[in-house]
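Hi,

Here is the structure I promised to pass on. Have a look at it first, and my notes on what turned up follow below.

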Amino acid sequence: MAGDRQGCSDSSCFFCAMNESNRSLRRVKLLQCFKEMPLRDDQGQHVLALTGLWNIAMAEPNDPEFPSLGVFECMAKLIQRAVNGKKWLVNGQNIYIPYYAAHIIGSYSMNRAQFAEKAVKSGVVLPLIEILRGKITWVEKRVAVRALGHIASHNRTFEATVKRHETEVVELAMEIALTCLNEVYDKFVGLNDTKRLKYHSNLLTRGLGGLEIENRKAEEWASQLQCWSLYLLNCFVCRERSLGLICRKEFLKELSGMWGGLANPGSPSGIGLIKTLCETKSGRQSIAELEQVIETLCNISRSSDDWQIMAIDSLLLLLKDPETRYKVIEISALYLGDLVELGSCGGKPKVGERITQTLLQDYHKIKYGGLRLKSKKAEKALEEIWDLKVDRRKREKLMSEEVVSERKSLVGQLKKQGNLHFWSGDIEKAVKKYTEALYLCPLKRRKERVVLHSNRGQCYLLLKDPDSAISDATRALCLSSEVSPHGKSLWRRSQAYDMKGLARESLMDCLVFVRGRIKSEKTSKRGCRIPYYAARMINKQMSATWIFAKAKLRSSNGDGDKVEEINGHDEVDDQNIITPRCKSAIEEPLVEKRWRRRKLHMAGRSKISIVSLPDWQFSTREKKSRKDKNLESSLNAVNHKIIGGGLED
């Protein structure tokens with residue numbers, strides 16, 4: 001570049017200024033460049049210069065050189081010129097300028113408050129708000145809301161940001177959070193690649209990929225656009241500003257379903273913003289009135305979601321507030337009761353003990369004082385927690401070693417009886433035996449209790465009782481290690497959530513289950529193989545939780561039966577699920593004859609570890625033609641074992 005510009009006569013050329021070896025002269029040239037750039041029309045050089053500035057800002061956001069030389073004022077004027085002059089904006093490569101300008105502002109104001117102050121004094125706020133108003137496109141909105149979020153995150157610049165535009169900024173951020181996924185789908189993802197704006201495609205791929213990468217980046221950017229708008233709102237909530245606007249019922253209902261997604265682990269997501277709202281009095285009062293939001297928090301609290309601990313903290317904040325406690329305890333006690341033996345979660349120790357203390361903080365009023373809840377199920381759940389965490393602990397401390405030994409033996413017998421009932425197809429009797437064993441099993445025998453809860457959870461799956469299956473699987477997981485959670489319980493809970501139509505929770509459990517399988521197979525040196533049934537579940541739930549699933553359904557006029565193949569997102573081939581950084585192969589389903597022979601061979605054995613095929617693989621005529629009832633019972637028993645991953649002795 002230096003050689004190409006040795007004869008350049010432009011005194012305000014950015015590249016000449018950057019190549020100047022004399023530091024003082026370089027600063028003078030850069031200062032002049034930033035002053036004259038918004039006034040000139042050599043748009044090809046503008047885009048090249050902004051691309052270079054963008055790279056520098058991303059790599060060195062704390063470098064004070066450009067902020068001290070007027071880069072913020074330059075970027076603000078370029079954005080304002082683009083907003084005010086449509087003809088100038090669409091001329092040549094000028095269309096790229098607002099995107100890079102807003103990105104540069106956001107990068108330099110990200111970490112250092114003094115840079116953010118310079119940005120505000122340079123007049124960047126209003127041009128950024130103009131972009132949020134929809135003056136250009138969603139691509140520019142993404143970087144504009146990011147820049148405003150960084151500026152609003154600093155105490156020294158928050159007031160300047162909202163001094164004149166607080167209500168509008170909050171309403172715009174809420175609107176973006178609610179509508180951005182539909183907008184990106186309608187104006188980019190849902191379009192044929194020939195109808196997409198070319199500069200959008202170029203910004204997404206930067207020339208390094210085709211349609212597949214373009215679509216993948218569009219999903220990522222749409223998620224980031226939503227997450228950055230939530231981050232901006234979070235800046236207001238942290239300071240208890242505009243809570244009346246943010247706590248609108250319809251927004252809160254939608255907020256609980258806004259998933260940060262796997263691509264944005266550092267964003268607050270919908271649950272993160274709800275947790276911040278729960279730290280304020282008016283936020284708690286608004287959320288406590290919405291049963292749908294409470295149920296969402298409860299479901300996430302019993303899942304493998306990264307936001308599990310935030311959901312738990314939100315519920316505990318609501319339960320600790322006397323004004324909201326009895327509005328949410330009716331529902332939350334039924335869910336949190338399964339987590340009272342949880343150890344560490346999200347880096348926080350003894351989470352189960354915190355849950356227990358919060359739920360039982362005034363249980364004496366129910367037990368001795370005549371206080372009654374509207375829900376008998378909630379009262380029973382609190383009673384069970386009291387018995388498990390208080391009364392039972394006291395009883396077992398007083399037990400002699402002889403009594404403990406007798407109980408261990410009796411628990412083993414009851415478990416075997418439960419297994420026999422299960423294998424013979426009498427699932428309800430198996431549930432009773434496992435329940436008796438759990439009541440007698442000492443609390444310190446955690447491994448035995450994991451197996452009993454897991455086996456009973458499998459029984460509930462077969463009885464089509466997903467709520468009870470989730471409860472038992474969750475209790476088993478709380479008793480197992482956080483580092484190495486109980487695999488079969490994860491798979492069973494994933495199936496149960498699938499029965500309830502909770503795709504997000506099912507997906508997260510299945511992903512953790514597969515991760516555990518791969519980890520164990522790595523250590524056993526057998527290679528990494530994803531079970532076919534798990535791959536099929538992941539495919540199903542990835543489709544259901546696809547970021548544009550609702551937008552696609554809405555664009556097809558609500559016709560759920562209408563399927564259009566758009567950019568390859570409708571179907572995900574089972575053969576293409578590859579775990580990152582791991583060579584993996586999916587176990588193919590066995591042919592029916594081989595499967596039947598395997599089942600006959602394994603019938604009656606106490607342990608089994610094979611890939612499951614559903615019962616519909618055997619025709620009704622075949623089942624009715626089986627005259628040997630004992631053989632049919634054995635086949636059914638093995639099938640029951642496979643569905644849940646196999647019983648444990």
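In α27, the residues Arg446, Arg449, Val450, His453, Ser454, Arg456, Gly457, Tyr460 and Leu461 are in contact with Ser468, Ala469, Asp472, Arg475, Ala476, Cys478 and Leu479 of α28. Sorted by class, the residues of this contact come to 7 nonpolar, 4 polar and 5 charged. This is a predicted model, so please read everything here with that in mind.

As for the geometry, α27 covers residues 446-462 and α28 covers residues 466-479, and their axes come within 8 Å and cross at roughly 160°. That angle is over 145°, so α27 runs roughly antiparallel to α28. The crossing of α27 past α28 is left-handed.

The other helix pair I'd point you to is α5 (residues 71-84) with α7 (residues 97-108), where the axes are 9 Å apart and the packing angle is about 150°. Here the contact has 14 nonpolar residues, with no polar and no charged ones. From α5 come Val71, Phe72, Met75, Ala76, Leu78, Ile79 and Ala82, and they meet Ile97, Pro98, Ala101, Ala102, Ile104, Ile105 and Tyr108 of α7. α5 also passes α7 in a left-handed crossing.

8 of the 11 residues of α19 are buried, so the helix is largely enclosed by the rest of the structure. Those buried residues are Val293, Ile294, Thr296, Leu297, Cys298, Asn299, Ile300 and Ser301. Ser303 sits in the loop between α19 (291-301) and α20 (308-320). Is Ser303 buried or exposed? Its relative accessibility is 3%, and since anything under 20% counts as buried, Ser303 is buried. The side chain of Ser303 has a polar atom 2.8 Å from the backbone oxygen of Ile300, and a polar atom of that side chain lies 3.2 Å from the backbone nitrogen of Asp305. Leaving aside residues up to four places away in sequence, Ser303 touches Gln308, Arg493, Glu505 and Asp509.

With 0% relative accessibility, Ala173 counts as buried. Ala173 touches Ser229, Leu232 and Leu233, again not counting residues up to four places away in sequence.

Most residues other than glycine have a negative phi. Glu240, in the loop between α14 (211-238) and α15 (243-246), has a positive phi of about 55° although it is not a glycine. Ser242 lies in the loop between α14 and α15 too, and the phi of Ser242 is also positive, near 55°. What about their accessibility? Glu240 is exposed, with a relative accessible area of 53%, whereas Ser242 is buried, at 16%.

Finally, the overall picture. The protein has 35 helices and 2 strands. Of its 649 residues, 52% count as buried. Among contacts with a separation of 6 or more, 71% are between residues 24 or more positions apart.

Cheers

Note on methods
Residues numbered from 1 in each chain as written. Predicted model: local features only at pLDDT ≥ 70, side-chain atom pairs only at ≥ 80, totals over all residues. Heavy atoms only, no water. Axes fitted to C-alpha atoms, helices over the stretch in contact; angles between N-to-C directions. Helix = DSSP H or I, 4+ residues; strand = E, 2+ residues; numbered from the N terminus. Parallel < 35°, antiparallel > 145°, perpendicular 65-115°, else oblique. Left-handed = near helix turned anticlockwise from the far one by under 90°. Contact = heavy atoms within 4.5 Å. Nonpolar A, V, L, I, M, F, W, Y, C, P; charged D, E, K, R; others polar. Buried < 20%, exposed > 50% of the residue type's maximum accessible area, 1.4 Å probe, protein only. Polar contact = N/O pair within 3.5 Å; in protein donor to acceptor, adjacent residues only side chain to side chain.
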